[in-house]
Amino acid sequence: MKKRAQPPDAQTYTILLRGFSWHPHPEQTLPRALKIYHSMYAHNCPVQPNAIHTNAALKVCALAKDMDALWGVAAKLPARGSGAADNLTFTIILNAIRAVTWQAYTDLPDEEVEEKCLRRQRAVMQGRRLWEEIIPRWRAGNLWIDEPLVCAMGRLLLLGTTERDHDDILSLAEQVMGIPRQGRRLPDVEQPTDTGERPPASSASVDLEESGMSRNAQVDETPVEGDESTGSPPEEEDAAFSPPQSLPIPTLTPALANVFRDRPTSKVPSVSTARPGCNTLSLLLDACIRLHAVRPAQAYWGLLTDPSGPYDIEPDSENYHMYLRLLRYQRASKMTVQLLREMHSGELKDKKILQPKTFRIAMSCCVRDKMNRHSLGYGQRILEIMYKAIEPPDVKTCGLYLELLCTVARTDFRASIAALRALEVPGMRLLKNWVNYEMRD
């Protein structure tokens, strides 16, 4: 370009930096991307880097999972001006922290439980420090907060190993989205006294029954076939994120612990507040599941999905699956059938939200609710909806139904005989023909 007397402009640098992030192996293109980006700070460079260039460079560092390079780029950001960090900048950094921490967490052997716990908690501490810098900018009008930024911070808090981390997700939604909390918050961390006493790092001793976060649904010991996405039993979903007891956790300062506790001054949503969507709904439901907060989760679902409410969120398939997991934890098989009928009727029927994974979660709810004498009947209704919704029927769902049938057969033999007839339907015969046809091929 220089030989043709066409010096590169700002758009040229943007195209180059974004192109490096599209490479299938970004760790190979990272050195060249950093060389081009840092050359823009030279005194003889006609183009000075702005927020778009910085975000493109940060994306390359995040995809390459090089946190040292990422912090090196972020350190050059000015506090104000066209090159200052914007909402996308903080979103990229928070997502990079979460991705790198999760990869390191999965790479560590299972024996190093303490190191895994510490890595996750250090990542949460980094996110809290970033949020402590974001909020003053937002309140001063120098930064716009959107849903991707809020959910990036919330997903990072989900990595936390303490109850306060998950509870702060509800406070986060109230702080920047104006969504009122549906359960009482944990008490704030107070300043240490002059006697040298330090407040506890976590508030696990708070009685959740008083805050409306019920623990009445105990985890069942019966193994249940898991979801298609995870392949793990529903009991292992909660246990996979349960922190081990008596492990050293980095101590939170009162400022970092209460960074999400600024309550909105007005109950009316402001123009500057972020607009919640399906991602926010999934985040809140996930946080409530980890807190074993059944009633607040149902309240959030009703508040955010109410057509006549202020938010009017239309749930997607992942929202429905998350809510089904909540009902499975609660052993609410009746509500599960009602939700499946809602998903199979009206406008939702044309959107094909029902998937094989949907019926596996629903049927596993009936398996967990095996002590209910009506659970077998609810399982039959789930099969009826499945035969009408998907073709061919899901084999794993039928296996879960047989598992439920074997459990009920010990106490009610006549009901089990009648339930076997639910498998002798055209949908099941179609499944048998499909299996035989695939075996011939």
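A crossing of two helices is called left-handed if the near helix is turned anticlockwise from the far one by less than a right angle. With that term in hand, here are some close-up views of this predicted model.

**View 1. Helices α6 and α8 cross in the left-handed sense.**
Let us start with α6 (residues 113-139) and α8 (residues 163-177), whose axes come within 13 Å and cross at roughly 15 degrees. Angles under 35 degrees count as roughly parallel, and α6 and α8 are therefore roughly parallel to each other. On the α6 side, the contact is made by Gln121, Val124, Arg128, Trp131, Ile135, Trp138 and Arg139. Their partners on α8 are Arg164, Asp165, Asp168, Leu172, Gln175 and Val176. Sorted by class, the residues of this contact are six nonpolar, two polar and five charged.

**View 2. Trp131 sits among the residues with the most contacts inside the largest nonpolar core.**
Keep an eye on Trp131, a residue of α6 that also takes part in the contact with α8. The largest nonpolar core has 106 residues, and Ile145 and Val176 join Trp131 as those with the most contacts inside it. Helix α7 (residues 147-158) gives this core its largest share, eight residues. Not counting residues up to four places away in sequence, Trp131 touches Ile145, Leu149, Met153, Leu172, Gln175, Val176, Val259 and Phe260.

**View 3. Helices α2 and α3 pack with a left-handed crossing.**
Next come α2 (residues 26-39) and α3 (residues 51-64), with axes that come within 9 Å and cross at roughly 150 degrees. That angle makes α2 roughly antiparallel to α3. From α2, the residues at the contact are Pro26, Glu27, Thr29, Leu30, Ala33, Leu34 and Tyr37. They meet His53, Thr54, Ala57, Val60, Cys61, Leu63 and Ala64 in α3. In terms of class, the contact of α2 with α3 has 10 nonpolar, three polar and one charged residues.

**View 4. Helices α14 and α16 also show a left-handed crossing.**
Here α14 (residues 333-343) and α16 (residues 356-368) have axes 9 Å apart and pack at an angle of about 160 degrees. This makes α14 roughly antiparallel to α16. Ser333, Thr336, Leu340 and Met343 of α14 make the contact together with Thr358, Phe359, Ala362, Cys365 and Cys366 of α16. Six nonpolar and three polar residues make up the contact of α14 with α16, with no charged residues.

**View 5. Glu318 is a partly exposed residue in helix α13.**
Zoom in on α13 (residues 317-330), where Glu318 is found. Leaving aside its neighbours within four places in sequence, Glu318 is in contact with Ser282 and Lys357. Glu318 and Ile353 are 35 residues apart in sequence, and their C-alpha atoms lie 9.0 Å apart in space.

**View 6. The protein chain holds 20 helices and zero strands.**
The protein chain has 441 residues, of which 50% count as buried. Among its contacts between residues at least 6 apart in sequence, 72% join residues at least 24 apart.

Technical notes:
Residues numbered from 1 in each chain as written. Predicted model: local features only at pLDDT ≥ 70, side-chain atom pairs only at ≥ 80, totals over all residues. Heavy atoms only, no water. Core = buried A, V, L, I, M, F, W, Y, C linked by side-chain atoms within 4.5 Å. Buried < 20%, exposed > 50% of the residue type's maximum accessible area, 1.4 Å probe, protein only. Helix = DSSP H or I, 4+ residues; strand = E, 2+ residues; numbered from the N terminus. Contact = heavy atoms within 4.5 Å. Axes fitted to C-alpha atoms, helices over the stretch in contact; angles between N-to-C directions. Parallel < 35°, antiparallel > 145°, perpendicular 65-115°, else oblique. Nonpolar A, V, L, I, M, F, W, Y, C, P; charged D, E, K, R; others polar.
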